[in-house]
Amino acid sequence: MSDSPLRWVDTWEDVRDQDIAKVAKLLRAGGLSIVDGSILDTFEERFASFAGGDYGVAFNNGTMAIHCALRAVGVGPGDEVLVGNYGFHAMAAAVLTLGARVVVCDCDPEALTISPVDIDCYRTERTKAVLVHNPWGLPADYRAIRESAHDVPIIADASHAHGARYQGKPLGAWADLSAFSLGLTKLISGGELGCVVTDDIRYRDRLLISGHVNRVPGVLETDEWSHNAVGLKGRPHPVALMLALGQLDRFEKKRLLMRDTAQRIEGLLSSAGATSLRTPWRSERVWWRIVAHATTAAQTEALSKVLVEAGIPLEKNHYDPLLQDQPIFSWPDYQGLLQRHATPVCEDLRSRLLTVPALVSPPGGLLDQIEKNLGR
């Protein structure tokens with residue numbers, strides 16, 4: 001072990017001087033809000049192309065993006081949405097605020113994504129959508145999910161998965177709608193920003209009707225609506241759009257650096273006895289976090305100590321408790337809107353997971369020193 005503590009820092013900068021200059025120019029021009037056109041159209045077109053869809057609709061955050069995607073496929077009171085038990089409470093919140101019921105499914109043991117077997121088991125005539133998490137940048141098995149979902153719309157929560165691909169195509173090419181968070185620390189970030197990508201013009205228009213006050217009906221391309229928006233105002237801030245556009249320009253370089261660094265960190269974890277999540281079904285993942293697991297719950301504590309002493313910081317398991325045990329369901333308005341199920345895979349993995357903050361470009365010598373500390 002080295003005498004001085006190692007600093008787990010990233011030399012990669014998402015916000016550069018040129019981004020700050022563009023934001024300053026925007027503000028000097030009075031660009032504090034935008035209803036339509038200009039940078040909003042530019043961002044939506046470019047992000048849709050990046051994410052694999054024909055249309056993009058930007059929102060003020062990722063949770064609003066999921067909420068409006070659910071609303072676009074018709075989710076409302078009395079409906080059910082299938083959701084993986086390994087996931088963030090905002091997925092449930094987006095369902096619950098529409099008055100629909102969260103139906104919990106188990107996860108895949110290799111990728112922590114929603115189980116297609118459970119989708120097939122729990123799908124009923126009340127099922128209005130399948131909400132598919134892609135945790136830590138691991139794509140779900142969309143072909144198997146589509147087969148299990150039948151004609152039920154698939155909504156991807158791709159908040160961790162900017163740039164991930166499934167069988168050679170971006171995630172937006174596989175789901176009916178793909179909702180992205182571009183919030184603080186996400187792989188592409190505007191600070192607070194979201195975007196939904198789809199190939200269906202009807203869904204695109206419904207997204208606008210749900211969250212873009214004053215933008216509709218003028219920009220609608222179908223004849224479903226001839227009035228103003230009916231939902232809450234969800235339009236994004238121009239500064240967020242500008243920051244995200246700058247990062248889109250640099251993302252491929254970031255993705256390649258992130259891949260090389262993450263794979264090396266996974267190698268260090270493996271040398272200490274941890275097993276990294278596998279990237280199955282011919283997919284290309286990204287790394288918003290690096291997650292591995294110990295063989296047993298008892299081994300987790302000992303392994304955690306070894307990693308921390310070697311200079312690898314660990315974070316608390318982000319999804320402990322699991323989704324159906326989180327306190328959001330105790331809110332009075334949400335009583336009766338949860339259908340619990342046994343999720344043995346999630347329960348088994350929950351106590352064995354190890355979460356490491358991901359780096360894109362660590363300072364020189366950091367990983368070499370950690371490797372030496374681990375005694376490889």
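1. Arg289 has Pro357 in β14 as its bridge partner. Strand β12 (residues 289-293) pairs with β14 in the antiparallel sense over five bridges. Strands here are DSSP runs (E, at least two residues), as helices are (H or I, at least four), numbered from the N terminus; two strands pair if DSSP finds at least two bridges between them.

2. This is a predicted model, in which local features need pLDDT of at least 70 and side-chain atom pairs count only at pLDDT 80 or more, while totals for chains, interfaces and linings use all residues. Residues are numbered from 1 along each chain as its sequence is written, and side-chain values use heavy atoms, without hydrogens and water.

3. The open sheet runs in the order β10-β12-β14, with antiparallel pairing. β10 (275-276) and β14 (353-357) are the edges; each has a single partner strand, so one side of each lacks a neighbour in the sheet.

4. Strand β1 (residues 55-59) pairs with β9 (residues 194-198), antiparallel, over five bridges. Tyr55 is opposite Thr198 in β9. Four of the five β1 residues are buried, so the strand is largely enclosed by the rest of the structure. Buried means under 20% relative accessible area, exposed over 50%, and partly exposed in between (1.4 Å probe, protein chains only).
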